[in-house]
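Please keep the sequence and the three-dimensional view at hand while reading.

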Amino acid sequence: MRALRRLCVVALLASPAALVAAAGPNLTVVALAPESRTLVASRDTTISVVFDRAVDPATVVARQSFWAFGRWSGPVDGTFGFSDANTIVTLTPDQPLSAGESVMVVLSSELAAMDGSPLRDGGYSYQFWVASAASDLDFIEADVLTTRTVPEEPSRAYGGFATDLDGDGFPDLTIVNEDTSDLRVFMNQTGGTGLFDPFLMPTSPTGSVPSPSEPSDFDRDGNADVATANIVGSSVSILLGDGDGTFGPHQEIAVGGQARGIAVLDVDGDGDVDLAVNSGPSGDFALLINNGSGVFGAPQHSGTGSGTPWGLGAADMDEDGILDLVVGKQGSQSVAVWTGNGDGTLSAQASSSVGGAVWMITIGDVNGDRHEDISAANSGNNNGAILLGDGAGTLGAPVTHAVDPFPLATDLGDLDGDGDLDWIIASFNGDWSLFLNEGGVFSFDREFPAPQAASCSLMVDMDNDGDLDLALIDELADEVSLRHNQGAGIFEDGFESGDTSAWSSTVP
């Protein structure tokens with residue numbers, strides 16, 4: 001059950017003078033709302049950061065020094081407010097966030113206090129999740145989309161994302177296609193139907209055989225963009241959004257080896273998001289640094305040169321307000337945490353067994369202890385694994401669950417609206433397997449049959465009714481099955497649009 005938590009924060013009760021007297025040389029974050037890693041923020045929440053001294057409003061620049069991106073709702077535009085003698089900065093979004101999505105907040109080192117003291121060089125980043133409504137998990141197939149131009153020409157729809165590309169408040173579907181090496185965009189018909197138009201033509205080319213993808217706002221212009229890791233091209237493609245569902249020509253950067261996992265994070269604290277990509281058989285990962293306008297530099301390689309890096313994710317594993325990388329390795333059947341230093345470099349921590357040859361990972365707090373955990377799809381071992389994090393960058397032993405042969409995708413989302421993250425694993429030689437979460441303990445619930453080869457699941461509120469629907473992608477049938485959740489749209493504890501965020505006196 002969810003509970004609304006209102007924690008008293010010493011920083012909020014102290015006078016500005018007392019804060020400054022106790023302050024160090026840098027402007028410092030002391031509290032957040034919504035809390036970092038919470039799973040139950042309201043759709044209409046504000047985003048507030050409490051600092052240890054008065055902030056200079058001139059350094060708070062929208063889309064530059066303080067901004068946010070919702071995985072499904074896209075760039076979070078809004079208005080800034082200042083309170084408590086300018087020690088609290090609040091971003092009030094223009095539109096509600098999307099139910100059940102993850103939101104990344106980025107503060108740059110350009111922020112400064114009235115006394116001239118800057119935020120630390122590494123900036124500050126954190127993530128939280130938006131609540132979804134309670135549901136009985138009654139899914140009805142509303143439509144089946146095809147990614148093919150003609151039935152005889154396969155596109156191999158590997159996966160994709162469901163981000164609002166045109167700012168109308170409804171998520172659109174972007175499917176990544178390996179055979180046609182392009183993106184195919186289905187625009188939401190809006191109006192709460194949860195249905196989509198046929199994909200836009202012409203399609204958006206990428207490098208050769210794109211595989212995983214990540215959305216963000218790389219040039220911070222308020223339009224959602226995308227980056228893909230291209231397997232055969234051994235490259236990364238960055239496509240900047242035009243704000244109408246289309247993308248400009250892609251910037252392609254060679255990274256060496258087979259580009260596999262990809263992740264987004266501000267690795268150097270300058271307020272724009274950079275890219276990390278695994279190089280597969282070459283045994284390392286590469287960092288691509290953003291110049292602030294969505295143009296990325298040459299890859300900077302890191303790693304041990306072993307273990308066959310494959311899955312990749314970004315989250316604050318050691319809870320210092322700087323995002324880290326989690327690297328899943330096929331050859332060594334392990335995951336490794338690389339903690340961010342805030343200066344464009346990362347430091348390797350101990351590796352942990354993942355229970356199989358990992359293909360993909362996702363990150364979220366699955367047991368409600370406000371520490372990031374890992375879910376993995378282990379392709380060669382026909383299982384999925386959950387590894388619990390301790391908040392210090394260390395992972396526990398894997399708990400594995402058997403699934404159909406060749407699992408290649410793992411996705412987390414609160415499908416039943418009970419306040420914890422449920423789990424779907426897609427198996428290429430099988431179906432989509434749903435596991436329900438009860439306090440970090442997962443139990444198999446059902447399978448959604450795949451026409452030919454399950455490749456990905458998107459848990460997204462397509463019709464904006466507050467509960468999570470499903471877009472199930474089949475990469476051989478080149479179909480996307482839209483399954484609408486028939487939940488009542490009622491939030492537990494009686495809140496549907498109230499503020500469920502809580503101040504946290506423990507930062508980050």
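A residue is called buried when its relative accessible area is under 20%, exposed when it is over 50%, and partly exposed in between (1.4 Å probe, protein chains only). The structure is a predicted model, in which local features need pLDDT of at least 70, side-chain atom pairs count only at pLDDT 80 or more, and totals for chains, interfaces and linings use all residues. Residues are numbered from 1 along each chain as its sequence is written, and side-chain values use heavy atoms, with hydrogens and water left out.

**Salt bridges**

- A salt bridge is a side-chain nitrogen of Lys or Arg within 4 Å of a carboxyl oxygen of Asp or Glu, and the structure holds 12 of them.
- Glu 141 and Arg 483 form a salt bridge through their side chains (3.5 Å, N to O). This pair links distant parts of the chain, with Glu 141 in strand E9 (residues 139–146) and Arg 483 in strand E36 (residues 479–485), 342 residues apart. Strands (E, at least two residues) and helices (H or I, at least four) are DSSP runs, numbered from the N terminus.
- Glu 141 is partly exposed because its relative accessible area is 44%, whereas Arg 483, at 14%, counts as buried.
- The side chains of Arg 148 and Asp 478 also meet in a salt bridge (2.7 Å, N to O). Arg 148 lies in the loop between E9 and E10, and Asp 478 in the loop between strand E35 (469–474) and E36, so the pair ties together parts that are 330 residues apart in sequence.
- Arg 148 is partly exposed, with a relative accessible area of 21%, while Asp 478 is buried at 0%.
- Arg 446 and Asp 445 form a salt bridge whose closest N and O atoms are 2.5 Å apart. Both partners count as partly exposed, Arg 446 at 26% relative accessibility and Asp 445 at 31%.

**Cavities and pockets**

- On a 1 Å grid over the protein atoms alone, a cavity is a set of points where a 1.4 Å probe fits but cannot get out, and a pocket is an open set with protein on both sides within 12 Å along at least five of seven lines; lining residues have an atom within 4 Å of a point.
- Grid points are joined across faces, edges and corners, and a volume is the space filled by probe spheres set on the points.
- A search of the whole structure finds 3 cavities of 30 Å³ or more, and the largest cavity has a volume of about 1,000 Å³.
- The lining of the largest cavity comprises 48 residues, of which Arg 71, Glu 214, Met 360, Ile 361 and Thr 362 lie nearest its centre.
- The second largest pocket holds about 320 Å³ of space. Its lining comprises 24 residues, with Ser 73, Pro 75, Gln 95, Asp 164 and Gly 167 nearest the centre.

- Asp 164 lies in the loop between strand E10 (157–161) and strand E11 (173–177).
- Asp 164 is buried yet has no salt bridge, and the nearest side chain of opposite charge, Arg 43, is 9.3 Å away. For charge, Lys and Arg count as positive and Asp and Glu as negative; His and the chain ends are not counted.
- A polar atom of the Asp 164 side chain lies 3.3 Å from the backbone nitrogen of Asp 166, and one lies 2.9 Å from the backbone nitrogen of Gly 169.
- Arg 37 is found in the loop between strand E1 (29–33) and strand E2 (47–51) and is buried, with a relative accessible area of 4%.

**Backbone features**

- Most residues other than glycine have a negative phi, and most peptide bonds are trans.
- The peptide bond from Ala 33 to Pro 34 is cis, with omega near -5°, and Pro 34 lies in the loop between E1 and E2.
- The bond from Met 201 to Pro 202 is likewise a cis peptide bond, with omega near 0°. Pro 202 is in the loop between strand E12 (182–186) and strand E13 (204–205).
- Ser 234 has a positive phi, near 50°, and is placed in the loop between strand E15 (225–230) and strand E16 (235–239).
- Arg 370 has a positive phi near 65° and lies in the loop between strand E26 (358–364) and strand E27 (373–378). At 16% relative accessibility, Arg 370 counts as buried.

How values were computed:
A polar contact is a pair of N or O atoms within 3.5 Å; within protein, one must be able to donate a hydrogen and the other to accept it, and residues adjacent in sequence count only if both atoms are side-chain atoms.
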